[in-house]
Amino acid sequence: MMTKPLFVHCCHCRWCQRETGASFALNAMIEADRVLLVKGAVEVVDTPSNSGKGQKISRCPRCHVAVWSNYAGAGDVVRFVRVGTLDQPDTLPPDIHIFTASKQPWVVIPPGMAAVEEYYERTVYWPRESLERRNALLSARIS
Ligand SMILES: [Zn+2]
């Protein structure tokens, strides 16, 4: 990732639990053109998602670990990078916990941390800089 992400989701939906084999997924959303694939190519696998619209998961062709996803909503221009696959995952804690309605009960969200039962209104939670970056993406797609 060449810059900081737009926003980091800690997703507690059942699909993320299944995919990780654990309790949640940690995804950093970032513009696709700010992700540099250092070598090789990813293998793209169509996978169901919580929304029912599906996601494309890009995986390492050798070990099949998921490195990022693209969802129907944001399309190909925004990647959801799996934070745990980065060289320095500790630098990207979540900005929000989502789909906490299906959170495994032993997972305790720190007090004061942004958390929602399902999804959220972007303009309420995203920093202004990220909203502006998103607007730039959308206007580039139209023109
Ligand atoms: Zn999820």
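# A guided tour of the predicted model

Of the 143 residues in the protein chain, 38% count as buried, where buried means under 20% relative accessible area, exposed over 50%, and partly exposed in between, with a 1.4 Å probe and protein chains only. This is a predicted model, in which local features need pLDDT of at least 70 and side-chain atom pairs count only at pLDDT 80 or more, while totals for chains, interfaces and linings use all residues. Residues are numbered from 1 along each chain as its sequence is written, and side-chain values use heavy atoms, with hydrogens and water left out.

## The whole chain

Along the principal axes, the C-alpha atoms fill a box of roughly 40 × 40 × 30 Å. The radius of gyration of the protein chain is 15 Å, which agrees with the value near 15 Å that a compact globule of 143 residues would have. That radius is taken over C-alpha atoms, and the globule rule is 2.2 Å times the number of residues to the power 0.38.

Next, display the surface. The accessible surface comes to about 8,600 Å², of which 55% belongs to carbon and sulfur atoms; such areas come from the Shrake-Rupley method with a 1.4 Å probe, and for residues only the protein chains shown count as cover. Among contacts with a separation of 6 or more, 51% are between residues 24 or more positions apart, a contact being heavy atoms within 4.5 Å.

## The largest pocket

Select L36, L37, V38, T85 and L86. Of the 25 residues that line the largest pocket, these are the closest to its centre. The volume of this pocket is about 830 Å³. On a 1 Å grid over the protein atoms alone, a cavity is a set of points where a 1.4 Å probe fits but cannot get out, whereas a pocket is an open set with protein on both sides within 12 Å along at least five of seven lines; lining residues have an atom within 4 Å of a point. Grid points are joined across faces, edges and corners, and a volume is the space filled by probe spheres set on the points.

Colouring the lining by class shows 16 nonpolar, five polar and four charged residues. Here Ala, Val, Leu, Ile, Met, Phe, Trp, Tyr, Cys and Pro count as nonpolar, Asp, Glu, Lys and Arg as charged, and the others, Gly among them, as polar.

## The second largest pocket

Move to Y71, G73, A74, F80 and Y119, which lie nearest the centre of the second largest pocket, itself lined by 31 residues. Its volume is about 660 Å³. Strand 1 (7–11), helix 1 (14–20), strand 2 (25–31), strand 6 (78–82) and helix 3 (128–142) each supply at least two lining residues. Helix 3 gives the most, with four. By class, this lining divides into 19 nonpolar, seven polar and five charged residues.

## The loop between strand 3 and strand 4

Select P48, which is found in the loop between strand 3 (43–47) and strand 4. P48 is partly exposed, with a relative accessible area of 41%. Leaving aside residues up to four places away in sequence, P48 touches W15, E19, G54 and Q55. A distance drawn from P48 to V107, 59 residues apart along the chain, reads 24 Å between C-alpha atoms.

N50 is found in the loop between strand 3 and strand 4, and counts as partly exposed at 40% relative accessibility. With residues up to four places away again excluded, N50 touches C13, W15 and F99. N50 and W68 are 18 residues apart in sequence and 16 Å apart in space, C-alpha to C-alpha.

## The loop between strand 7 and helix 2

From N50, follow the contact to F99, which is found in the loop between strand 7 and helix 2. F99 is buried, with a relative accessible area of 17%. Its phi is near 55°, a positive value in a residue other than glycine.

Continue to Q104, in the loop between strand 7 (96–98) and helix 2 (122–125). Q104 is buried, at a relative accessible area of 18%. Beyond residues up to four places away in sequence, Q104 touches R14, Q17, A22 and S23.

Finally, select H64 in the loop between strand 4 (55–59) and strand 5 (66–71). H64 has a positive phi of about 65° although it is not a glycine. At 42% relative accessibility, H64 counts as partly exposed.
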